[in-house]
Amino acid sequence: MPLSHSDNLHLMKNCARICEVKYLGERNLLISFEDGLQRELSFLANWQGITEQLNSNDFLALVGIDPVTKTLSWPNGIDLDAEILHGDFAPTTGEYFSVVREENISSM
């Protein structure tokens, strides 16, 4: 059965949304999500195609948050799916990061 318009809106409200990101050096990003989850991710240097610039530490450090989609973004238009970074889904194109640590900071 297809989802109704209200079902889609409900799902959109529950999407992972990033509220803060910090480049820690050595290819690690500390990402805070609106639901209180905080994850430190270590990015591999195996990006290809349009995302190949993410192999550069200097470029990776230019990370920001897209103000509309609330996901990670870079100056050249690269953006990464917040649900994958949050751990809700596995990437379909391969592994590009590993989880160094994670904690729920909203319960502290």
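Tutor: Two strands count as paired if DSSP finds at least two bridges between them. The model discussed here is a predicted one.

Student: With that in mind, how many bridges do strand 2 and strand 3 have, and in which sense do they pair?

Tutor: Strand 2 and strand 3 are joined by five bridges and pair in the antiparallel sense. As one example, N28 has S42 of strand 3 as its bridge partner.

Student: And what lies between these two strands?

Tutor: Three residues separate strand 2 from strand 3 in a hairpin. In that turn, G36 has a positive phi of about 100°.

Student: How many bridges join strand 1 to strand 2?

Tutor: Six bridges link strand 1 to strand 2, which comprises residues 28–33, and the two strands run antiparallel. Within this pairing, V21 has I31 in strand 2 as its bridge partner. Strand 1 and strand 2 also form a hairpin, with two residues between the strands, where E26 takes a positive phi near 50°.

Student: In what order do the strands of the sheet come?

Tutor: The sheet is open and has four strands in the order 1-2-3-7, with antiparallel pairing. Strand 1 (18–25) and strand 7 (97–104) each have a single partner strand, so they stand at the edges and one side of each is left without a neighbour in the sheet. On average, neighbouring strands of this sheet are turned by 20° against each other, direction ignored.

Student: Back to strand 2: how many of its residues are buried?

Tutor: Six of the six residues of strand 2 are buried, so the strand is mostly covered. N28, L30 and S32 point one way from the strand, while L29, I31 and F33 point the other way.

Student: What about E40: buried or exposed?

Tutor: E40 has a relative accessibility of 11%, and the cut-off for buried is under 20%, so E40 counts as buried. This residue is found in strand 3, which covers residues 37–43.

Student: Which residues does E40 touch, leaving out those up to four places away in sequence?

Tutor: On that basis, E40 touches L24, N28, L29, L30, S98, V99, V100 and R101.

Student: Changing topic, how many aromatic pairs are there?

Tutor: The count comes to three aromatic pairs. In one of them, the ring centres of F43 and W47 are 6.2 Å apart and the planes stand at 20°, so this pair is stacked.

Student: Why is that angle called stacked?

Tutor: Planes under 30 degrees apart count as stacked, and the planes of F43 and W47 are at 20°.

Student: Are those two residues buried or exposed?

Tutor: F43 is buried at a relative accessible area of 2%, and W47 is buried at 7%. Both belong to one aromatic cluster, formed by F43, W47, Y96 and F97.

Student: Last topic: how many disulfides does a search of the whole structure find?

Tutor: The search finds zero disulfides. Among the cysteines, C15 is partly exposed, with a relative accessible area of 35%. C19 likewise counts as partly exposed, at 45% relative accessibility.

Terms used
Residues numbered from 1 in each chain as written. Predicted model: local features only at pLDDT ≥ 70, side-chain atom pairs only at ≥ 80, totals over all residues. Heavy atoms only, no water. Axes fitted to C-alpha atoms, helices over the stretch in contact; angles between N-to-C directions. Phe/Tyr/Trp six-rings, centres within 6.5 Å; stacked < 30°, edge-to-face > 60°. Buried < 20%, exposed > 50% of the residue type's maximum accessible area, 1.4 Å probe, protein only. Disulfide = S-S within 2.5 Å. Contact = heavy atoms within 4.5 Å.
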